[in-house]
Amino acid sequence: MALIKKRRIAVTGIGMVTPIGNTAAETWAALLAGKSGAAPTQNFDASGFTTTFSAEVKGFDAESAVPNRKLLKYASRSHRFALAAAAEALSDAGIAPTESDSHRWGLSVGAGMMSVAYDDLKVVHDYATDGGQFDAAGLMNPDFPGNPVNFCRWQSNAGLGLLTKQFGIRGYATSVHTACASGGQALGTALKVMRRGQCDYMLAGGFDSMINPIGISGFCLLGALSTDNDNPTGASRPFDATRNGFVLGEGAGFLVLEDWDRAKARGATIYAEFAGDGNSLSCYRITDSPPDGNGPIQAIEQALGDAGITAADIDYVNAHGTSTQMNDRSECSALKAVFAGRVEEVRVSSTKSSMGHLIAAAGAVEAAVCCLAIREGIAPMNANYETPDPDCDVNLITGAPQPMRIRAALSNSLGFGGSNSSLVFRNPEEVKP
Amino acid sequence: MKNPSEKIVFTGSGIVCGAGTSVAEVWERLASGETAVAPFTQFDGTKWPVKVAAEVLQDNRFLVADRKLHKTISRTDMFGIYATESAIEDSGLPTYREGLGEEETIDFNDRSGLIIGSGGGNYTSNYEYLPLITEAKGELPGFGRELANQVTPMWLLKNLPNNVLCHVGIRTQFKGTNACITNQCSSGVLAVAEAASAIWNNEADRIAAAGHDAPFEPEMVYYYHQLGLMSGAAPKPFDAGRNGTVFGEGSAAVVLEREADAKARGAKVLGEFLGFGCCSEATGILDLEPDGDGVRRAIEAALDDAGISKADVGMICAHGNGNQASDLTESMGIRHVFGDDIPPVTAFKWAYGHLIAASGIADLVMILEALKRGIIPGIATLEEVDSLIAPFPVSREATKPRSDIALLICQGFGGMNVVLAVRGRC
């Protein structure tokens with residue numbers, strides 16, 4: 001295939017709603033301070049569950065954070081985070097779709113699983129069960145209070161519909177879900193859409209909230225969550241030998257992506273070049289990660305190749321690092337395979353150690369963290385790390401954030417089901433005209 | 001980066017829906033004007049205002065022989081695995097791979113992708129929690145304590161929206177670029193568009209693209225009915241008497257690769273992917289632009305992407321879901337582009353119901369058959385074209401395409417419009 005010069009894409013806006021801050025600035029400050037987002041669960045009475053804590057978004061006021069309040073009626077908890085984070089990203093970028101260019105704006109989102117709210121399920125239970133079993137005839141009871149507004153909220157692309165309407169985005173729009181890799185894959189899709197010229201601007205990100213009885217149940221049943229109920233803030237300790245599961249988080253992260261030359265021409269702040277995307281399927285087992293990193297390795301190598309750089313150009317890796325035994329071991333195998341002799345020089349941290357695992361939002365939030373780390377010249381730490389694991393002997397940033405000039409950063413997202421997403425962000429100073 | 005000298009072709013297809021479990025069988029039903037919409041069997045419809053659907057009546061073992069897998073996947077996943085693997089089998093790629101050496105096989109797998117459009121989830125899966133809610137008397141602490149005794153540990157895994165991607169991956173070792181698109185009706189057609197784009201962009205050498213969904217379930221019927229979207233009989237797209245859609249269920253899939261690669265391995269070619277358009281109307285979750293402008297923009301983008309003019313188009317397969325506003329605005333969008341010279345239009349939901357995430361891609365598989373045979377199946381339920389839509393070139397009888405190029409229109413919740421342009425092969 002002929003070598004065609006790839007269109008260069010700039011990151012010019014960032015927005016975040018996370019368990020450690022309701023804006024990008026708050027989240028970043030909390031990351032540098034090593035603050036933990038984990039605490040006993042407040043959204044509902046979790047006292048009977050095997051895990052009673054989580055990393056919740058706190059003190060979030062949708063009424064003031066979401067520009068078009070009329071949309072809130074149709075918005076689930078995760079949609080509210082998305083609307084707020086996307087509004088912040090656009091305002092940070094200082095641009096927004098207009099009448100004349102709205103068809104050149106696109107949207108790509110990683111959306112959470114469409115599980116129904118416990119309260120809605122309780123209503124179905126109360127009207128339409130017979131001896132604990134579902135009985136469809138109950139839905140025909142004239143008193144059944146089923147509400148089409150709730151129905152709309154749980155449609156797979158409801159978040160997409162709310163976001164395009166909120167901001168008047170009229171070009172390409174997509175919604176993807178590959179479990180924990182969703183956010184990364186959504187950003188990767190956005191990069192591809194822009195490079196092939198279908199959009200000049202994209203809003204790309206992820207949103208999720210599974211901190212509800214049904215969401216928590218799924219993970220408790222699998223035994224995937226840390227059960228350190230007496231020590232929530234220390235429970236997420238990726239790569240530590242004593243790690244025992246992830247901490248469920250929630251939130252949203254969005255980036256504004258823009259044609260590089262247009263961004264330069266309008267004098268925009270460019271956080272980073274969104275330089276590469278890599279994407280593979282492990283084809284191993286549904287929850288287990290391949291111990292030798294076969295799968296993640298291909299995603300990382302593709303991302304480096306796509307960015308036109310090599311492993312020697314990466315200074316910082318924001319790891320998927322969930323704090324489960326298997327994931328962290330598999331990811332380290334992949335990093336050691338890709339970076340080989342340089343693995344000592346590459347600094348690594350998982351910011352899930354502070355904010356927990358934001359599932360479908362994780363990849364997008366962590367990409368935003370990479371962009372901020374490049375711009376601010378400091379990489380966040382891998383909090384709660386105490387006991388080394390010989391299988392995870394990568395060069396972790398521990399104890400405090402690491403001031404460092406980052407030429408390029410890699411962000412990994414490895415999902416249930418085996419989808420792996422790796423993204424490369426490059427320091428704008430490294431971009432040769 | 002699209003390279004116009006590099007053609008992307010379809011080399012395999014597969015389908016399962018109420019109208020059949022093979023491309024030939026579904027085509028036969030479609031061409032003979034026989035609908036699969038019938039009184040449903042999955043729950044008692046006696047007290048329900050809607051009593052019909054186009055159900056898949058084969059048992060799970062027909063769809064997925066491995067019974068161990070049945071415990072870890074849901075109904076929609078059965079359809080998706082069946083259709084995707086049928087398409088891969090049809091392409092001849094597994095046999096081709098068997099002839100490769102060890103190193104070549106590793107490279108083949110790393111360069112083979114899967115892009116799956118998924119319905120994303122359903123209501124029925126949550127009913128596994130209902131006995132627990134009864135047991136806990138509606139109190140959450142008891143719900144949490146009794147959880148592990150009442151609900152399968154596999155619950156989350158059974159209901160992952162990306163299950164088809166995962167399991168087809170494990171079973172076929174297609175390890176390359178992948179995505180699971182959860183964009184309601186647009187999911188399956190966007191999977192095809194992204195697959196072609198990924199091959200053009202050299203991210204993969206071959207990709208199986210699929211869409212799967214099982215929207216027919218009591219709560220979906222209830223809410224669609226409440227919203228006025230549900231008919232009590234096979235849908236009548238563009239008809240004066242249309243009154244809504246009917247659910248089907250199932251999956252369809254295609255395999256895409258470069259024409260040169262297909263030729264080199266002596267594969268049969270079903271058609272060519274020419275281009276696509278995708279746009280949002282920014283109207284929220286349910287609303288549509290009243291003038292069909294989103295449909296117009298998506299068609300124009302697809303023509304432009306394909307490098308063809310409107311005069312080249314030989315037929316249109318419309319979304320035609322049988323709803324008042326949707327069919328009307330769709331016809332307006334088509335008229336905006338084609339004026340008074342609209343090529344023959346058809347729509348297939350009367351035959352196999354609305355497959356939601358799989359709807360557009362099922363239509364695609366049938367369009368490739370239609371172009372191959374030079375026959376456009378008519379809309380068997382059509383009686384009289386709506387006067388607000390007429391004159392409009394739809395017909396009850398089969399017609400002939402004006403050329404070997406078809407446009408496929410897919411509309412969805414969220415104000416989505418996706419249009420594919422394809423060329424058929426005789």
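A nonpolar core here is a set of buried Ala, Val, Leu, Ile, Met, Phe, Trp, Tyr and Cys residues joined through C-beta atoms within 7 Å. Buried means that 20 or more other C-beta atoms lie within 10 Å of a residue's own, exposed means 12 or fewer, and partly exposed is in between, with C-beta atoms placed from the backbone. Everything below is a predicted model, where local features need pLDDT of at least 70, side-chain atom pairs count only at pLDDT 80 or more, and totals for chains, interfaces and linings use all residues. Residues are numbered from 1 along each chain as its sequence is written, while chains are lettered from A and ligands numbered from 1 in the order in which they are written.

**View 1. The largest nonpolar core, seen around A:F425.** This core has 290 residues, and A:F425 and B:L408 are the ones with the most contacts inside it. Helix α14 (residues 362-376) of chain A brings in the largest share, 11 residues; helices (H or I, at least four residues) and strands (E, at least two) are DSSP runs, numbered from the N terminus. Leaving aside neighbours within four places in sequence, the contacts of A:F425 include A:V11, A:F274, A:A367, A:C370, A:C371 and A:I374. Two residues count as in contact if their C-beta atoms, placed from the backbone, lie within 7 Å.

**View 2. The two domains of chain A.** Domain 1 covers 10-117 + 154-427 and domain 2 covers 118-151, with bounds that come from an automatic or database domain assignment. Their C-alpha centres lie 36 Å apart. Eight residues from domain 1 of chain A meet seven residues from domain 2 of chain A. On the domain 1 side, that makes six nonpolar, one polar and one charged; Ala, Val, Leu, Ile, Met, Phe, Trp, Tyr, Cys and Pro count as nonpolar, Asp, Glu, Lys and Arg as charged, and the others, Gly among them, as polar.

**View 3. Where chain B touches chain A.** Here 79 residues of chain B are in contact with 76 residues of chain A. Among the elements of chain B that each supply at least two residues are α7 (130-135), α10 (163-172), β5 (178-181) and β8 (271-280). The most comes from α8(B), with eight residues. By class, the chain B side splits into 41 nonpolar, 29 polar and nine charged.

**View 4. Helix α3 (residues 77-93) of chain A against helix α6 (residues 158-167) of chain A.** The axes come within 10 Å and cross at roughly 35°; they are lines fitted to C-alpha atoms, for helices over the stretch in contact, and angles run from 0 to 180 degrees between N-to-C directions. Look for A:H79, A:A82 and A:L83 among the α3(A) residues in the contact, and A:L162, A:L163 and A:F167 among those of α6(A). The contact has eight nonpolar, three polar and no charged residues.

**View 5. B:A362 in its helix.** This alanine is found in helix α17 (residues 359-373) of chain B. B:A362 counts as buried because it has 32 C-beta neighbours inside 10 Å. Leaving aside neighbours within four places in sequence, B:A362 is in contact with B:I15, B:C17, B:G250, B:A252, B:Y352 and B:L355.

View 6. A cis peptide bond joins B:A390 and B:P391, with omega about -5°. B:P391 is in the loop between α17 and β11 (405-412) of chain B. B:F238 isn't a glycine, yet its phi is positive, about 65°. That phenylalanine sits in the loop between α12 and β7 (250-258) of chain B.
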